[in-house]
Amino acid sequence: MTKYALKSVAACVAAIFLAWLVGSEAGTIQWCAYGSLAVSIFRSGSTLARRKMVAAAITAATVCLVPVSTVFGNWPGFLEVYLFLLAFAVFFIPVLGMSAATAGIGTLIVNMLALTSPDTFAAGLHRSVALFFGASVSYIVLFYVFPMKPEQVLNRAGAVALTDIGDYFRAVASSSGSDDDLREIAQVHERSVESIRRYRSFMEAMNVDPVKHLGSYEGPSALYALLVRMFEAVVGLANSRQFADHSPVFSGMRFKFSDIAGRSSVVFDVLAARLSTGKGEVNLGEIEKGIADLESELLQLGAYKRDAGLRDEFLEAWGAIYGLRNLVLEFTEMNRLSCSGGSCSVR
């Protein structure tokens, strides 16, 4: 995020310096800076291509409207009507999405600067040329000289979150119930929560709506939803990790459950690597077969038909196996998630 900010500053400095280098007047340099800032600050979109579109839209809107705003600033009556229409449009277009809202706010702010410094139409055109120059310099610096691909940043942040959830799962699966194990589980639990929050904060810092595409299951929100659901699945397993621990009837089943959990823990690392590189898939066939065998063995045990104590232990075992199956279902969804070369989507 520091690089993200420094690149924006570099773009603005480059625009101001080039305007000064060609001998522009102070007023022209000022409007070059406004154009540069509009492109630098009001960026939105989960991919580099979408961010280019937003920057181009802001540039086009400000270049076209600033001459009009400059002239309307001379007449208070027209100014009020014009400002009302402009503000209404800006606060209405957020229904189209965060990208449109960001572009609209940037356009409104630049035009308000023109409205508060009225002049002739020719002066407005001169401002538009300066705006276009400053915006073009920032556009080139941000998207070609120092491009930052938000999809890569988000995928890496998602991989870190997935790795932390995997550490949480390993702590849960290997726990013996001792105080030291419980403290470790609590620590890794908090780290996983923080990683998921950090992923969401990265989305918001880049003006990406975390829940925009939850229904269609596309974009970074698809990955965000899966991270949350996978974490919840591990929490469910943590609550039933030591099922029927006092019953010798379920000792063999507990051993097999631990074996499957151990194999499942490797999947987190493979999926995290896949998020970073966009390559590779996970074969969950053996794990799914192991869970199915556990379910069959549990039913054949017939513990639910015996006394109340065994029925309670049966329910504990069933809950643990169900939690593991639920986690494998999330593995399957994450395995289907394609995040290479653009925003995430389900294949």
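User: Which residues of H2 and H6 meet in this model?

Analyst: In this predicted model, H2 contributes Thr28, Trp31, Cys32, Tyr34, Gly35, Ser36, Val39 and Ser40. From H6 come His126, Arg127, Ala130, Leu131, Phe133, Gly134, Ala135, Ser138, Tyr139, Leu142 and Phe143.

User: How does that contact divide by residue class?

Analyst: The contact of H2 with H6 has 11 nonpolar residues, seven polar ones and one charged.

User: And what is the geometry of H2 against H6?

Analyst: The axes of H2 and H6, the latter spanning residues 121-145, come within 7 Å and cross at roughly 45°. That angle makes H2 oblique to H6. As for handedness, the crossing of the two helices is right-handed.

User: Moving on to H8 and H9. At what angle do their axes cross?

Analyst: The crossing angle is roughly 170°, and the axes of H8 and H9 (residues 220-238) come within 11 Å. H8 is therefore roughly antiparallel to H9. The crossing of H8 and H9 is left-handed.

User: Which residues make that contact?

Analyst: On the H8 side they are His189, Ser192, Val193, Ile196, Tyr199, Arg200 and Met203. H9 supplies Pro220, Ser221, Leu223, Tyr224, Leu227, Val228, Phe231 and Val235. Sorted by class, the residues of the H8 and H9 contact are 11 nonpolar, three polar and one charged.

User: Staying with H8, where does aspartate 181 sit, and is aspartate 181 buried or exposed?

Analyst: Aspartate 181 lies in helix H8, which covers residues 179-205. Its relative accessibility is 18%, so aspartate 181 counts as buried; the cut-off for buried is under 20%.

User: What does aspartate 181 touch?

Analyst: Setting aside neighbours within four places in sequence, aspartate 181 is in contact with Ser174, Ser175 and Ser176.

User: Now arginine 43. Where is arginine 43 placed?

Analyst: Arginine 43 is in the loop between helix H2 (26-41) and helix H3 (48-72). With 5% relative accessibility, arginine 43 counts as buried.

User: Which residues are in contact with arginine 43?

Analyst: Neighbours within four places in sequence aside, arginine 43 contacts Tyr4, Ser8, Arg51, Thr102, Leu142, Phe143, Met206 and Asn207.

User: Change of topic: aromatics. How many aromatic pairs are there?

Analyst: The search of the whole structure finds 13 aromatic pairs. One of them joins tryptophan 75 and phenylalanine 78, with ring centres 5.9 Å apart and planes at 65°, so that pair is edge-to-face. Tryptophan 75 is partly exposed, with a relative accessible area of 43%, while phenylalanine 78 counts as exposed at 53% relative accessibility.

User: How are the rings of phenylalanine 88 and phenylalanine 92 arranged?

Analyst: That pair is stacked, because the planes are at 10° with the centres 6.0 Å apart. Both residues lie in helix H4 (residues 76-92), four residues apart, which is about one turn of the helix. Phenylalanine 88 counts as exposed, at 52% relative accessibility.

User: Which residues form the aromatic cluster with Trp75?

Analyst: Phe72, Trp75, Phe78 and Tyr82 form one aromatic cluster.

User: Finally, the overall picture. What does the secondary structure come to?

Analyst: The chain has 12 helices and two strands. Along the sequence the pattern is α-α-α-α-α-α-α-α-α-α-α-α-β-β. Of the 347 residues in the chain, 46% are buried.

User: What share of the contacts comes from residues 24 or more positions apart?

Analyst: Such residues account for 77% of the contacts in the chain with a separation of 6 or more.

Methods
Residues numbered from 1 in each chain as written. Predicted model: local features only at pLDDT ≥ 70, side-chain atom pairs only at ≥ 80, totals over all residues. Heavy atoms only, no water. Phe/Tyr/Trp six-rings, centres within 6.5 Å; stacked < 30°, edge-to-face > 60°. Buried < 20%, exposed > 50% of the residue type's maximum accessible area, 1.4 Å probe, protein only. Contact = heavy atoms within 4.5 Å. Axes fitted to C-alpha atoms, helices over the stretch in contact; angles between N-to-C directions. Parallel < 35°, antiparallel > 145°, perpendicular 65-115°, else oblique. Left-handed = near helix turned anticlockwise from the far one by under 90°. Nonpolar A, V, L, I, M, F, W, Y, C, P; charged D, E, K, R; others polar.
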